[in-house]
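Please look at the sequence and structure shown here.

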Amino acid sequence: MLIAGVWISLLLYIISWISSLFISSLGNLKAKGLPLCFDIFGMRIAWLIHTLSLLVFLLIESTWPNSFVSDILSITAWGTMVVVLIFPKSMPSLLNATFLRLFAILLLGLSLIISKYNSGSDLIFANYTWYYEVLLVMHIIILLASYVMLGVACVASIIFIFQVQHLKAKNPSSISSRLPSLGTLDRLSWEGTVWGFFALSVGIMIGILINKNDQSILANLRFGFSIGSWFVFAILLLFRQMKIIRSHWTSLWPIFGFSLALVSLIVEILRL
């Protein structure tokens with residue numbers, strides 16, 4: 001029953017987040033009515049359900065260290081939504097409400113997946129120490145944060161290329177006029193690359209520390225794609241700092257690097 005409450009809150013988080021994406025593209029206030037209602041009230045109701053379910057679960061059903069990882073991920077997702085609710089308009093561009101809500105959704109979804117595979121069976125974490133548990137939580141949170149920030153850089157780069165092509169063709173459309181300026185997109189791509197690369201580096205290092213000598217094909221693929229993504233962003237940062245990379249190539253590197261990171265994430269999900 002408690003898990004059902006968390007699943008409901010996750011579903012409402014997703015619906016409210018999707019609704020928020022459509023608000024900026026709608027013109028008048030009347031057209032924004034239903035999406036705005038889903039965005040604000042859906043998020044608040046989801047947070048309330050999440051709060052009650054999490055509190056009761058921690059008091060009654062939580063059994064540490066077996067449920068430590070899933071509990072901490074859920075608590076982190078809850079805390080992220082608290083930040084969104086308290087400071088909805090006063091956050092910097094890279095850490096605005098849209099990206100933080102996506103981060104919280106990923107954390108809560110992963111928490112539910114881990115809880116499903118770990119509940120009642122002790123198959124995943126029963127024989128591991130608290131040292132391993134804490135590092136594993138840090139590894140998951142930091143890597144998810146890096147994927148979100150690198151994803152921001154990727155999306156900003158895609159929109160940047162789209163805007164440049166329309167400007168070159170001298171064919172402005174209603175869609176391009178609503179998109180951010182080239183300067184804003186370039187700043188988002190750069191900030192997402194810098195902070196995403198830093199988080200990815202820390203996440204990979206922690207992953208190496210807690211590696212249990214897993215030599216399976218999926219584990220090797222995951223590590224290979226992660227390292228490949230790290231090298232792409234490392235070269236991009238180096239070349240951009242040295243100013244030896246052409247401007248039109250700068251937008252392609254984050255797309256390629258994030259694609260590798262996304263494949264690594266998919267492989268990791270397949271390993272669960």
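In this predicted model, helix H3 covers residues 68-86, 19 residues in total, and spans 27 Å from first to last C-alpha, close to the 27 Å expected at 1.5 Å a residue. The expected span is 1.5 Å times one less than the number of residues. Helices are DSSP runs of H or I with at least four residues, strands are E runs of at least two, and both are numbered from the N terminus. Among the buried residues of H3 are Phe68, Val69, Leu73 and Met81; buried means under 20% relative accessible area with a 1.4 Å probe, counting protein chains only.

The protein chain holds 10 helices and zero strands. Of its 272 residues, 41% are buried.

In the largest nonpolar core, which has 52 residues, Val69, Leu73, Leu107, Ile140 and Leu144 touch the most other members. Such a core is a set of buried Ala, Val, Leu, Ile, Met, Phe, Trp, Tyr and Cys residues joined through side-chain atoms within 4.5 Å.

Leaving aside neighbours within four places in sequence, Ile140 is in contact (heavy atoms within 4.5 Å) with Val69, Leu73, Leu110 and Ile114.

Residues are numbered from 1 along each chain as its sequence is written. Local features need pLDDT of at least 70 and side-chain atom pairs count only at pLDDT 80 or more, while totals for chains, interfaces and linings use all residues, and side-chain values use heavy atoms, leaving out hydrogens and water.

Methods:
Buried means under 20% relative accessible area, exposed over 50%, partly exposed in between (1.4 Å probe, protein chains only).
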